[in-house]
Amino acid sequence: MFKPRLHRARQFFRTLRFRLASTFLLLLTIVLALVGFIGTKTLQSILDTQSEQTLHEQLGAMRGYIHFEDGKPGWFADPSDPEEAAAVGRLKNIFVEADANGEAYDGSPNAEFKALFDRNTILNEMAEMQATHEPIFKTITGKDKVQYQIISSIMNDSGNKWYIAEGRSLAEDHLVVNNFRRNFLIFLPTALFVCALVSWFSAGTALKALQSVDRAAQEITGSNLGLQIPRRGADDELDRLIDSFNAMSGRLKESFEQIRRFSTDVSHELRTPLTAIQGQLEVALFTATRKEQLQEAIENALQDVERLANLVRALLLLSQSESGQIPMNKTTVDMTELLEDLVDQFQIPAEGSHLELTQTHKGEPVCCEVDRTQIERVITNLLSNAIKYTPPGGSVRVGAKASGGAVHLIVEDSGVGIPKDHLPHIFDRFYRVPDPNPEKGLGLGLSFVAAIVKAHGGEIQVESKVGIGSRFVVTVPAGQIRTPLEAPVTATRSAGEPGADRLS
Ligand code: ADP
């Protein structure tokens with residue numbers, strides 16, 4: 001019971017909303033506390049300066065109203081001027097007059113200021129003022145616990161020095177500072193409380209979009225991939241997050257669709273030969289009476305098994321090359337020489353189909369850095385397609401040429417051509433152009449070609465016209481070509497059947 005509550009509390013303190021709001025509040029508290037502290041100090045120093053100025057003025061006025069008669073100081077004011085009388089009255093509130101021996105002569109009758117009449121203090125101050133020629137400021141605490149600021153000075157009466165001091169109460173100044181402090185202490189928690197509420201709600205509103213992303217992510221399953229979250233229209237970071245999420249969701253949907261299509265295609269492709277094998281074996285088992293019949297059934301089944309094995313091998317190779325699992329062993333390869341080899345190997349099947357197979361741009365070395373085995377597979381697939389889809393009497397031409405840091409491999413034929421509608425799909429897995437009289441292919445050859453070309457950082461283009469022929473152009477970057485002396489030993493093609501790498 002206690003533990004889940006603790007866990008919930010811990011989770012609450014970890015929420016982005018709490019952290020945003022509390023960080024803002026903490027910063028605001030620090031800033032406001034600093035403002036309060038600096039404000040109080042500034043106010044205090046302004047009041048101190050003002051108080052000193054007032055005391056200076058009061059001392060000036062005191063000097064004006066004190067006259068010496070028979071060597072003794074006395075206050076003189078115009079009795080007919082009530083303002084003057086009042087001013088003198090105010091000055092007499094806190095004052096002291098003492099002779100050169102520090103003996104007080106006159107002063108405020110108030111017992112609060114007894115400390116002002118201390119002989120030693122008066123003598124010390126007189127000595128200090130004679131040395132510095134500056135008045136002295138001091139603060140004393142009266143018996144009423146109120147602080148008073150006092151200014152002391154010296155007056156001269158024909159050679160005799162007199163000590164005079166004038167003071168003012170600091171009670172009002174303290175009241176101003178205390179009022180400021182009290183008001184600030186009331187304002188601070190109120191302001192913090194209001195800001196806490198505002199920041200809590202604004203953080204909550206801002207993070208609402210995150211919650212919608214969170215909810216959408218939780219709702220995503222295999223059946224509703226591609227779920228889109230509506231944009232808020234604020235064009236801020238959260239809208240960009242929503243955009244990225246929507247784009248990711250779209251990509252996921254596409255990849256899952258592709259995988260689903262692929263699984264369906266594969267099961268379909270596997271089912272056909274499997275059903276055929278099953279049928280042939282059943283027929284042989286239940287109806288074959290002679291050895292030849294059995295042999296024929298087994299041969300047919302073997303053909304289908306071979307087709308199955310080819311399909312599995314092709315799929316494995318395709319998935320390896322698409323996921324980049326086949327390691328690239330790039331070497332410098334002369335394409336013209338490589339094409340010569342392959343054209344030689346394909347001469348027999350071409351002649352068998354009554355086709356003319358020729359190589360263009362012969363004799364010009366066209367070097368580039370590629371994986372020889374993989375590029376051989378590309379050419380093999382394109383060449384066997386060209387031969388397969390060109391009727392007898394036609395021609396197939398292959399050639400390689402270099403231009404602008406790239407190498408172009410061209411395979412063209414005068415064959416049946418590819419209808420315009422089908423052109424964009426021929427590189428898709430298992431895609432075959434419907435043909436009333438098809439020579440069985442897997443529809444994987446061109447997907448494999450595209451994967452290899454992509455792994456080389458190249459591209460493949462195709463132009464085709466029905467009844468006229470097709471032209472495939474593979475472009476790969478030439479890469480860093482090394483002279484034969486520098487070049488590492490290149491993999492030589494193992495002798496084999498032409499089209500051994502053909503995925504069909
Ligand atoms: P397949 O095993 O069927 O040949 P590919 O992936 O190699 O599979 O080719 C896909 C489809 O593209 C083929 O079914 C064919 O219809 C078409 N195609 C490929 N190359 C040619 C070509 N040279 N001439 C006409 N059609 C072609």
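This is a predicted model: local features need pLDDT of at least 70, side-chain atom pairs count only at pLDDT 80 or more; totals for chains, interfaces and linings use all residues.
Residues are numbered from 1 along each chain as its sequence is written, and side-chain values use heavy atoms, with hydrogens and water left out. The pLDDT, which is the predictor's confidence in each residue on a scale from 0 to 100, averages 87 over the chain, and 94% of the residues score at least 70. Over residues 484-500 the pLDDT is below 50, and this stretch has 17 contacts in the model beyond near neighbours in sequence, a contact being defined as heavy atoms within 4.5 Å.

Helices (H or I, at least four residues) and strands (E, at least two) are taken as DSSP runs and numbered from the N terminus, and two strands are regarded as paired if DSSP finds at least two bridges between them. On these terms, an open sheet of 5 strands is found with antiparallel pairing and the order S4-S3-S7-S6-S5. Strand S4 (104-107) and strand S5 (136-141) stand at the edges with a single partner strand each, so that one side of each is left without a neighbour in the sheet. From one strand to the next, the twist averages 25°, where axes are lines fitted to C-alpha atoms, for helices over the stretch in contact, and angles run from 0 to 180 degrees between N-to-C directions. Within the sheet, strand S6 (residues 147-157) pairs with strand S7 (residues 160-169) in the antiparallel sense over 10 bridges, and Ile-150 stands opposite Gly-167 in S7. Helix H2 (residues 16-65) packs on the sheet, where it touches strand S3 (95-98), S5, S6 and S7, and the direction of H2 makes about 135° with that of S7.

A nonpolar core is defined here as a set of buried Ala, Val, Leu, Ile, Met, Phe, Trp, Tyr and Cys residues joined through side-chain atoms within 4.5 Å; buried means under 20% relative accessible area, exposed over 50%, and partly exposed in between (1.4 Å probe, protein chains only). The largest such core holds 49 residues, of which Met-335, Ile-379, Leu-382, Leu-383, Leu-409, Leu-444 and Val-474 touch the most other members. Two or more residues of this core are given by each of helix H7 (291-322), helix H8 (335-352), strand S10 (367-371), helix H9 (372-388), strand S11 (395-403), strand S12 (406-413), helix H10 (445-455) and strand S14 (469-477). When neighbours within four places in sequence are left aside, Leu-382 is in contact with Val-411, Leu-446, Val-449, Phe-472 and Val-474. A second, separate core comprises 15 residues, among them Leu-116, Ile-140, Tyr-148 and Ala-165.

Just after H7, Gly-324 takes a positive phi of about 70°.

Strand S13 (residues 459-465) pairs with S14 in the antiparallel sense over 7 bridges, with Glu-459 opposite Thr-475 in S14. The hairpin of S13 and S14 has 3 residues between the strands, and in this hairpin Gly-467 takes a positive phi near 85°.

Positive phi values are also found at residues other than glycine. His-354, with a phi of about 60°, lies in the loop between H8 and strand S9 (356-359) and is exposed, its relative accessible area being 57%. Phe-430, with a phi of about 65°, is found in the loop between S12 and H10, but counts as buried at 11% relative accessibility.

Two further helical positions were examined. Gln-218 lies in helix H5 (residues 171-219) and is exposed, with a relative accessible area of 60%. Gly-250, in helix H6 (residues 237-287), is partly exposed at 26% and, leaving aside neighbours within four places in sequence, is in contact with Gly-226 and Gln-228. The C-alpha atoms of Gly-250 and Ser-153 are separated by 89 Å, the two residues being 97 residues apart along the chain.
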